[in-house]
Amino acid sequence: MSKSSSLPLVAVLNGPNLNMLGLRQPEVYGRMTLDDVEALCAETGEQLGLAIDFRQTNSEGELISWVQECRGKMAGIVINPAGYSHTSVALLDALMACEVPAIEVHITNIHRRETFRHHSYVSRAAVGVICGLGIRGYALALTALAEMIEEGA
Ligand code: DHK
């Protein structure tokens, strides 16, 4: 058994269009790419003693299936549901059902943007929400989850 397999597992799940980071509206989302986000999460996970399972999908169904798979397997979830934050009751239901602490991350401050972005269905299932801090929000979410896992919360 490898050393990392005994570490708490945390899923970092990314929703639609986040594969376009770096190219997509850089004045809004910045110039960092999804590969940069993955590298940041891997580095942060290593520092915190977490094993990271990093994924991105453009499909709502796939995102929901991944959340379902987390049940009984993952110690925590960091999720940027992207556009599905504002539309998906089904994703909210999946997060409620999986019973794994989840932190919702948005790169941008959704409250400074269009009104339709101000509400997130997912927030109701999240232990916390981080938005507007750029990609460092992912590292902050992992840090908070590591503490919660350590505390046994
Ligand atoms: C990413 C998206 O793709 C948008 O649909 C959300 C979020 C905001 C972000 O800031 O990471 O509204």
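**Entry 1: the nonpolar cores**

I take a nonpolar core to be a set of buried Ala, Val, Leu, Ile, Met, Phe, Trp, Tyr and Cys residues joined through side-chain atoms within 4.5 Å. The model I am examining is predicted.

I looked up the largest nonpolar core and found that it has 22 residues. Val37, Val78 and Tyr138 are the residues with the most contacts inside this core. I then listed the elements that give two or more residues to it: strand S1 (9-14), H2, strand S4 (102-106) and helix H5 (136-151). H5 supplies the largest share of this core, 5 residues. I also noted a second, separate core of 20 residues, which includes Ala11, Met74, Ile79 and Cys98.

I turned to valine 37 and placed it in helix H2, which spans residues 34-48. Is valine 37 buried or exposed? I record it as buried, because its relative accessibility is 0%. Setting aside residues up to four places away in sequence, I find that valine 37 touches Leu21, Phe54, Ile135 and Tyr138. I also checked valine 37 against arginine 136: the two are 99 residues apart in sequence, and their C-alpha atoms are 8.4 Å apart in space.

For tyrosine 138 I made the corresponding list, again leaving aside neighbours within four places in sequence. Tyrosine 138 is in contact with Val12, Asn14, Leu18, Val37, Cys41, Val78, Asn80, Val105 and Ile107.

**Entry 2: alanine 11**

I next examined alanine 11, a member of the second core, and located it in strand S1. Alanine 11 has a relative accessible area of 2% and is therefore buried. Not counting residues up to four places away in sequence, alanine 11 touches Asp53, Cys70, Met74, Gly76, Ile77 and Val78. I compared its position with that of valine 89: the pair is separated by 78 residues in sequence and by 20 Å in space, C-alpha to C-alpha.

**Entry 3: the cavity**

H3 contributes the largest share of the lining, 3 residues. By class, I count 5 nonpolar residues, no polar ones and 4 charged ones in the lining.

**Entry 4: the cysteines**

I searched the whole structure for disulfides and found 0. A disulfide is a covalent bond between the sulfur atoms of two cysteines. Cysteine 98 is buried, with a relative accessible area of 2%.

I checked cysteine 131 as well and found it in no disulfide. The nearest cysteine sulfur to that of cysteine 131 belongs to cysteine 41 and is 17 Å away. I record cysteine 131 as partly exposed, because its relative accessible area is 21%.

Terms used: Residues are numbered from 1 along each chain as its sequence is written. This is a predicted model: local features need pLDDT of at least 70, side-chain atom pairs count only at pLDDT 80 or more; totals for chains, interfaces and linings use all residues. Side-chain values use heavy atoms; hydrogens and water are left out. Helices (H or I, at least four residues) and strands (E, at least two) are DSSP runs, numbered from the N terminus. Buried means under 20% relative accessible area, exposed over 50%, partly exposed in between (1.4 Å probe, protein chains only). Contact means heavy atoms within 4.5 Å. Ala, Val, Leu, Ile, Met, Phe, Trp, Tyr, Cys and Pro count as nonpolar, Asp, Glu, Lys and Arg as charged, and the others, Gly among them, as polar. A disulfide is a pair of cysteine sulfur atoms within 2.5 Å.
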